[in-house]
Amino acid sequence: MMSVYAVAITGGSGAPYALRVLRALLDAGHEVHVVISAAGETILQVESGIKLGKTLREKAAVLETAIETDHGARLRLFDPSNLAAPISSGSFACAGMAIVPCSTGTLGRIANGVSSNLIERAADVMLKERRPLVVVPRETPLNEIHLRNMLALRQAGADILPAMPAFYHKPRHISDLVDMIAGRVLDRLGVENELFHRWGSDAPTED
């Protein structure tokens, strides 16, 4: 059954996680509403060599090519300043949202009820409507302000899922680490996936 999910890409580090989550949601048959901050565009270029372009149409086309999916028609890209986008309203049936990666600035604003752009507003909607909100920070070390904001956001109902891949599945490639985090994000959104080897499952075979 197709659902609509929101994915936001902000600053920090972790563009490969975002691209993997996007592809997995589309491949699973869902529609995805995507919002990318200016800093998010920068990390896509620096970490994945993806230069989105200027117009929304250009950016969407580049993103579809980058994630190598045949289901790009279900990807809708929105400008961060568009507070009239569907995901800004609680009446829109959005099944959940992931912010991956999530900068500590974005996290702090959401935790304190600030909705200055579409990413923050959509996250606020997820919280007030009690829908899944998965926040993937990638910052180290963490100071006391970061920790307080994470606690406040967790108490408000969000899942805090730091980009901390495990090693019990014996990863052999960077993509194995990326898939584990992406798979855990999908788990929290309630989306079935087989992106990584779970504890107790058969160990991956050697190449």
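Trainee: In which helix do Glu144 and Arg148 both lie?
Mentor: This is a predicted model, in which local features need pLDDT of at least 70 and side-chain atom pairs count only at pLDDT 80 or more, while totals for chains, interfaces and linings use all residues. Residues are numbered from 1 along each chain as its sequence is written, and side-chain values use heavy atoms, with hydrogens and water left out. Helices are DSSP runs of H or I with at least four residues, strands are runs of E with at least two, and both are numbered from the N terminus. Glu144 and Arg148 are four residues apart, about one turn, and the element that holds both, residues 144-155, is helix 6.

Trainee: What is the N to O distance where the side chains of Glu144 and Arg148 meet?
Mentor: An α-helix has 3.6 residues a turn, so residues three or four places apart point the same way. A salt bridge is a side-chain nitrogen of Lys or Arg within 4 Å of a carboxyl oxygen of Asp or Glu. Glu144 and Arg148 form such a pair, with an N to O distance of 3.1 Å.

Trainee: Is Glu144 buried or exposed?
Mentor: Buried means under 20% relative accessible area, exposed over 50%, and partly exposed in between, with a 1.4 Å probe and protein chains only. Arg148 has 48%, so this residue is partly exposed. Glu144 has 57%, so Glu144 is exposed.

Trainee: How many residues apart are Arg23 and Glu68?
Mentor: Arg23 forms a salt bridge with Glu68, the closest N and O atoms lying 3.8 Å apart. The pair links distant parts of the chain, since Arg23 is in helix 1 and Glu68 is in the loop between helix 3 and strand 3.

Trainee: How far apart are the end C-alpha atoms of helix 1?
Mentor: The expected span of a helix is 1.5 Å times one less than its number of residues. Helix 1 has 13 residues, so it should span 18 Å. That agrees with the distance between its end C-alpha atoms, 18 Å.

Trainee: Which residue with a positive phi follows helix 1?
Mentor: Within helix 1, the buried residues include Ala15, Tyr17 and Leu26. After the helix comes a residue whose phi is near 100 degrees, Gly29.
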